[in-house]
Amino acid sequence: MSEILVNKLTGTSTAGSILVTGEGNSTTTSLQQGLIKAWYKLNGSGTISVYDSFNIASFTDNGTGDYSGTFTNAMANANFSASAATGSSDVFGSVDGGNQATTVLRVTSYYYANGAKLDRAQVYAIAAGDLA
Amino acid sequence: MALGKIKADTLEHSTAGSLGTEFFVNGSSKHWISVTYNSGTPTNRDSLNVSSIADTAAGECTVTLSTAFNAATDYCWVSGTLNTSASQEQITCYTKAASNYKTYNYNSGGAGGIDPEGFYVVSMGDLA
């Protein structure tokens with residue numbers, strides 16, 4: 001088994017572009033663009049707390065069922081893709097597009113039947129896109 | 001200068017641990033997209049591995065991939081909706097093929113076929 005010890009991978013032609021050969025051994029995909037750039041799982045009930053996260057410097061409780069995670073390393077633009085979910089069967093997670101920014105991933109948890117925001121003990125979010 | 005190529009099974013960071021390169025290949029998302037709607041027309045704001053998007057019908061959007069997955073049924077598809085108002089929406093994967101998929105949007109009242117403000121999709125799986 002081969003092993004490379006390295007702290008940083010950088011493309012030779014373009015620093016921010018490294019191709020990875022796909023599972024079918026023919027096509028390639030961008031390593032940098034394909035990596036998830038941030039994720040978190042937080043407890044949104046009462047005083048919010050984080051179970052675990054990546055690339056998140058801090059969290060903000062914006063109100064009932066409304067949470068923000070501030071990135072340690074910002075995204076290149078506010079158009080990044082994101083997804084959110086909760087651990088409840090009747091409460092969905094949603095990305096707050098009106099407050100989407102390069103530095104924050106803001107999500108809401110809401111009751112499926114009427115859209116009312118509700119706090120939940122398990123709130124999940126991920127962000128995919130380009131880092132600044 | 002020819003492009004460099006490294007073949008390895010493991011990458012190890014000095015402090016953050018090591019990771020098998022299969023996680024780079026299998027664990028990277030192969031597709032993501034951020035879409036907004038304006039007067040019923042979807043716009044691709046930013047994306048990875050997208051050839052085109054099409055407004056198929058009200059509340060439906062077909063996304064065609066540049067590089068297909070190896071099978072229609074195997075790849076993971078997760079989504080999010082872009083909501084700026086009190087009306088919360090939920091997007092689902094209506095149909096799915098190796099090289100494209102169609103989304104279908106519901107509003108918070110459970111009514112389907114409603115154009116969303118926008119949506120996000122991230123997909124993981126094996127490329128063809």
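Colleague: In chain B, which order do the 4 strands of the open sheet have?

Modeller: First the general idea: strands of a sheet pair through backbone hydrogen bonds, either parallel or antiparallel. Keep in mind that this is a predicted model. In chain B the open sheet has the strand order β4-β3-β10-β7, and the pairing is antiparallel.

Colleague: Which strands are the edge strands there?

Modeller: β4 and β7 of chain B are the edge strands, each of them pairing on one side only. Ignoring direction, neighbouring strands of the sheet are turned by 20° against each other on average.

Colleague: How many bridges does β7(B) have with β10(B)?

Modeller: The antiparallel pair of β7(B) and β10(B) has 6 bridges. To find the pair in the structure, look for G80(B), which stands opposite Y120(B) in β10(B).

Colleague: What should I expect of the side chains along such a strand?

Modeller: In a regular strand the side chains alternate between the two faces of the sheet.

Colleague: Which order do the strands of the 4-stranded open sheet in chain A have?

Modeller: In chain A the order is β5-β4-β11-β8, with antiparallel pairing. Its edge strands are β5 (49-54) and β8 (81-86) of chain A, each pairing on one side only. Strand β4 (residues 36-43) of chain A runs antiparallel to β5(A), and 5 bridges join them. Within that pair, L42(A) is set opposite V50(A) in β5(A).

Colleague: Back to chain B. How do β1(B) and β2(B) pair, parallel or antiparallel?

Modeller: β1(B) and strand β2 (residues 17-20) of chain B are antiparallel, with 4 bridges between them. The two form a hairpin, and 3 residues lie between them. One facing pair is L11(B) with L19(B) in β2(B).

Colleague: Which strand of chain A is joined to β1(B)?

Modeller: That is strand β1 (residues 3-5) of chain A, which runs parallel to β1(B) and is joined to it by 3 bridges. E3(A) has T10(B) in β1(B) as its bridge partner, and L5(A) stands opposite E12(B) in β1(B).

Colleague: How many residues does each chain bring to the contact?

Modeller: Chain B brings 46 residues and chain A brings 40 residues. On the side of chain B that touches chain A, at least two residues each come from β1 (10-13), α1 (22-27), β3 (29-38), β4 (41-48), β7 (76-81) and β10 (118-124) of chain B. β3(B) gives the most to this side, namely 5 residues. By type, the residues on this side of chain B are 17 nonpolar, 21 polar and 8 charged.

Colleague: What pattern does chain B follow along the sequence?

Modeller: The pattern is β-β-α-β-β-β-β-β-β-β-β, and chain B has 1 helix and 10 strands.

Colleague: Why is chain B called more spread out than a compact globule?

Modeller: The globule rule gives 14 Å for 128 residues, and the radius of gyration of chain B is 18 Å, well over that, so chain B is more spread out than a compact globule. Taken along the principal axes, the box filled by its C-alpha atoms is roughly 50 × 30 × 30 Å. Of the 128 residues in chain B, 34% are buried. As for contacts in chain B between residues at least 6 apart in sequence, 54% join residues at least 24 apart.

Colleague: What is phi at S39(B), a residue other than glycine?

Modeller: Phi of S39(B) is near 55°, a positive value. S39(B) sits in the loop between β3 and β4 of chain B.

Colleague: In which loop is N55(A) found?

Modeller: N55(A) is in the loop between β5 and β6 (56-63) of chain A. N55(A) is not a glycine, yet its phi is positive, about 60°. N55(A) counts as partly exposed because it has 19 C-beta neighbours inside 10 Å, and a residue is buried if 20 or more lie within that distance.

Methods:
Residues numbered from 1 in each chain as written. Chains lettered and ligands numbered in written order. Predicted model: local features only at pLDDT ≥ 70, side-chain atom pairs only at ≥ 80, totals over all residues. Contact = placed C-beta atoms within 7 Å. Nonpolar A, V, L, I, M, F, W, Y, C, P; charged D, E, K, R; others polar. Pairing = 2+ DSSP bridges. Axes fitted to C-alpha atoms, helices over the stretch in contact; angles between N-to-C directions. Rg over C-alpha atoms; globule rule 2.2 N^0.38 Å. Buried ≥ 20, exposed ≤ 12 C-beta atoms within 10 Å, placed from the backbone.
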